[in-house]
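This report describes how two protein chains are arranged and how they meet. The sequence and the structure are shown first.

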There are 2 protein chains.
Amino acid sequence: MPVGTFSALRPDITVGRQHTLAEQIVVLRLGHRIPRDLRVTTHVCLTARAFGADGLILADVVDTALEKTILDVCKRFGGSFWIRMGEPWRQAVKDWKSKGGEIAHLTAYGIPLPEAMEAINASPRPKLVVVGAEKVPGEVFEAANWNVAVTNQPISEVSALAMFLDRYFEGRQFSKEFENAQLRIIPSAHGKKVVNLTEPGG
Amino acid sequence: MPVGTFSALRPDITVGRQHTLAEQIVVLRLGHRIPRDLRVTTHVCLTARAFGADGLILADVVDTALEKTILDVCKRFGGSFWIRMGEPWRQAVKDWKSKGGEIAHLTAYGIPLPEAMEAINASPRPKLVVVGAEKVPGEVFEAANWNVAVTNQPISEVSALAMFLDRYFEGRQFSKEFENAQLRIIPSAHGKKVVNLTEPGG
């Protein structure tokens, strides 16, 4: 039975609905408020995509502006990152666990990342990485296999996610290729070089 | 002559004015718009602080709500991170260079971080790390000693800054101590443990 999610932009072809089991690392974004969190959650999504996560579940709400921004980046810069929205967080957590997946919740209250990562990397199961905006329900701390602190200081879910994925993938985000890109940035010492791959000779 | 900056909250005791030469790594935030960027710039500041930067210069504008939030975190969680605001960005860049400092600008168009970091770490000079919100003037690309890409993908200045500081300090943010803290989070597998250091026996 498919998970009860939907996309307001494309009700028939829910983004990512085909990925119910195969994903290896997915981000669950909690506590997103419209429009307050649009920019920060956009940064969460872009970081998740660039650093190698398979997709992101936006819990409880549907934010079509966010979806549009992320799908547009995916179209232009390629890759298979997906986003789905509106699924109640408890359901997402329950489904993930019932499929044998594990949960890492990023919180300043948790175990330091270098220590937690040893156990996390020792397990081959798919990972759901939970990132909240402001207060997160106590249930999440209980449901998580690991509560992971990217420093025990107040930081940002964006930088916490970046560090988690960096350590999880051991820096491989720097050599990641994105298939079917329309645009590719060419590294440049001073300036902007972008190749349009859809143009002849591009 | 002191740099022409000021703090709207404390006009006489400008935050960080005493640090004009000694700082080793300072973040320059460009293009901040009030109130649109309050949350993202807060994340930039908190990441800068937790990951070991000395302070942050908010270019061109004064945002008292931002300053209040950051000073409050600094008071509660300790450390000597400072923030100053309102300095024109060209002046900040010029002053930094005239004092012998170097500039790293974080941009998706730059040289990949692992490659750039070799040269950056080989130089002992103080570093100004420039992070923009959306479009950054071409002059910044020219003024920078290094344009550094934390992946050549659209990401977030928050995660870019985290990765830059992580590589610059080689992960030492995980063992950084913050002096004069009122609160300290004790790492916990499941739950929240916070010690109030201002209470007797705390």
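How many residue pairs are in polar contact between chain A and chain B, both at pLDDT 80 or more? The count is 18. The structure is a predicted model, and the sections below set this count beside other features of the two chains.

## Symmetry of the two copies

Chain A is superposed on chain B by a rotation of 180° with 0.0 Å of shift along the axis, and the RMSD is 0.0 Å. The two copies are thus related as by a two-fold rotation axis. The residue of chain A that comes closest to this axis is A:Ser159, whose C-alpha lies at 2.2 Å.

## Extent of the interface

Contact between the chains involves 53 residues of chain A and 54 residues of chain B. Of the interface residues of chain A, 100% are also interface residues in chain B, so the copies meet through the same surface.

The size of an interface is often given as the accessible area lost when the parts come together. Here about 4,500 Å² is buried between chain A and chain B, with carbon and sulfur atoms giving 65% of this area. A:Arg39, A:Tyr109 and A:Phe174 supply 17% of what chain A buries against chain B, more than any other three residues.

## Polar contacts and composition

Between chain A and chain B there are 4 salt bridges. One of the salt bridges between the chains joins B:Arg39 to A:Asp37, with the closest N and O atoms 2.2 Å apart.

Several elements of chain A each supply at least two residues of the side that touches chain B, including helix H1 (38-50), strand S4 (102-112) and helix H6 (157-168). By class, this side of chain A has 28 nonpolar, 15 polar and 10 charged residues.

## Aromatic pairs

Over all chains, the structure holds 6 aromatic pairs. Among them is the stacked pair of A:Phe164 and A:Tyr168, with 6.1 Å from centre to centre and 10° between the planes. A:Phe164 and A:Tyr168 are 4 residues apart in helix H6 of chain A, and therefore separated by about one helical turn.

## Backbone features in loops

A cis peptide bond joins A:Ile34 and A:Pro35, with omega about -5°; A:Pro35 lies in the loop between strand S1 (25-30) and H1 of chain A. In chain B, the peptide bond from B:Ile34 to B:Pro35 is cis, with omega near -5°.

A:Asn180 is not a glycine, yet has a positive phi of about 60°. This residue, A:Asn180, is found in the loop between H6 and strand S7 (183-185) of chain A.

Key
Residues numbered from 1 in each chain as written. Chains lettered and ligands numbered in written order. Predicted model: local features only at pLDDT ≥ 70, side-chain atom pairs only at ≥ 80, totals over all residues. Heavy atoms only, no water. Least-squares fit on C-alpha atoms with pLDDT ≥ 70 in both. Contact = heavy atoms within 4.5 Å. Buried area = accessible area lost by both parts, 1.4 Å probe. Salt bridge = Lys/Arg side-chain N within 4 Å of Asp/Glu carboxyl O. Polar contact = N/O pair within 3.5 Å; in protein donor to acceptor, adjacent residues only side chain to side chain. Nonpolar A, V, L, I, M, F, W, Y, C, P; charged D, E, K, R; others polar. Phe/Tyr/Trp six-rings, centres within 6.5 Å; stacked < 30°, edge-to-face > 60°.
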